[in-house]
Amino acid sequence: MDYITDFSYIDDLIDNKGVRNAVIDVDNTITKSNIVQFYLFIKKQEIGEKLWPLYFSSFVLRAPYFLALDAVSRDSFNKLFVLKKFKKYSYAQLEYFSKSFFEKSLKGKFISFTHDLIFHLKEKGVYVELLSTNFDLLVKQYGEYFDVPYSCLNVKPEGNGITIDFSKLDGFKGREIAKFDPAVTLSIGDSKYDLPALNHVDYPFVVAKKDEKWMGQINKEARFIKADIVQLGETL
């Protein structure tokens, strides 16, 4: 697997191919992260250091079920795990935890090439948008950090807790990426769930450590980004 190691190829796309848009996934594309890590971060704050090992051990026993569900259907995983685990928290609580998680954990898990590339693309005048099926209280932390717009799922207050608007989840990435002209757009993702975006554009990029079977479904020749992490903050 050949990785791009600098921005020269991307600069050529911008300067000579007319690329002016970049649509970028978030989890495991910008940071080495997922929604389960966020939930465990919250639980650790609630439970405390003393009881954390016991809780974590019990959670690990249940993890294979959620991993299997995610492998089969990301949409089903989001609806079952995400709503079940987060609906009891108020909007204000999740907003606080989202900010804290980003500052204390996610800033230590940035994938170095993608992190630096986003700032480089902006300097070159490229329109950058984040595209994620994660919920907005988390994704907006990335949007504010990079100062870029984002499209994701919306969290809404409901009673003493929250609900997440899953009405647009089915086909979400396909609809959002369709707003962009494929001839002048690049897209970056990391998994089979990013195929709608990767296959829409003329210039797909994949963050990966190794070749995976799903990559054979990418319609055009993809360029690869190594999933190296740069430490920018404290990691919990």
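User: Which residues is Lys173 in contact with, leaving aside its neighbours within four places in sequence?
Analyst: Lys173 is in contact (heavy atoms within 4.5 Å) with Asp25, Leu131, Ser132, Thr133, Tyr193, Asp194 and Pro196, once neighbours within four places in sequence are set aside. This is a predicted model, in which local features need pLDDT of at least 70 and side-chain atom pairs count only at pLDDT 80 or more, while totals for chains, interfaces and linings use all residues. Residues are numbered from 1 along each chain as its sequence is written, and side-chain values use heavy atoms, without hydrogens and water.

User: And where is Lys173 placed?
Analyst: Lys173 has its place in helix H8, a helix being a DSSP run (H or I) of at least four residues, numbered from the N terminus.

User: Buried or exposed, then, for Lys173?
Analyst: Lys173 is buried, since its relative accessible area is 9%; the term requires under 20%, with a 1.4 Å probe and protein chains only.

User: What joins the side chains of Lys173 and Asp25?
Analyst: The two side chains are joined by a polar contact of 3.1 Å. Such a contact is a pair of N or O atoms within 3.5 Å, one able to donate a hydrogen and the other to accept it.

User: New topic: how many cavities of 30 Å³ or more are there?
Analyst: The structure holds two of them. A cavity is a set of points on a 1 Å grid where a 1.4 Å probe fits but cannot get out, and lining residues have an atom within 4 Å of a point.

User: Which residues have the most contacts inside the largest nonpolar core?
Analyst: They are Ile35, Phe38, Phe86, Leu121 and Phe135, in a core of 62 residues. H2 gives the most to this core, with seven residues. Apart from it lies another core of nine residues, among them Trp214 and Met215. A nonpolar core is a set of buried Ala, Val, Leu, Ile, Met, Phe, Trp, Tyr and Cys residues joined through side-chain atoms within 4.5 Å.

User: What does Ile35 touch, beyond its neighbours within four places in sequence?
Analyst: Ile35 is in contact with residues including Asp27, Phe77, Phe86, Phe135 and Leu138.

Notes
Buried means under 20% relative accessible area, exposed over 50%, partly exposed in between (1.4 Å probe, protein chains only). Helices (H or I, at least four residues) and strands (E, at least two) are DSSP runs, numbered from the N terminus. On a 1 Å grid over the protein atoms alone, a cavity is a set of points where a 1.4 Å probe fits but cannot get out, and a pocket is an open set with protein on both sides within 12 Å along at least five of seven lines; lining residues have an atom within 4 Å of a point. Grid points are joined across faces, edges and corners, and a volume is the space filled by probe spheres set on the points.
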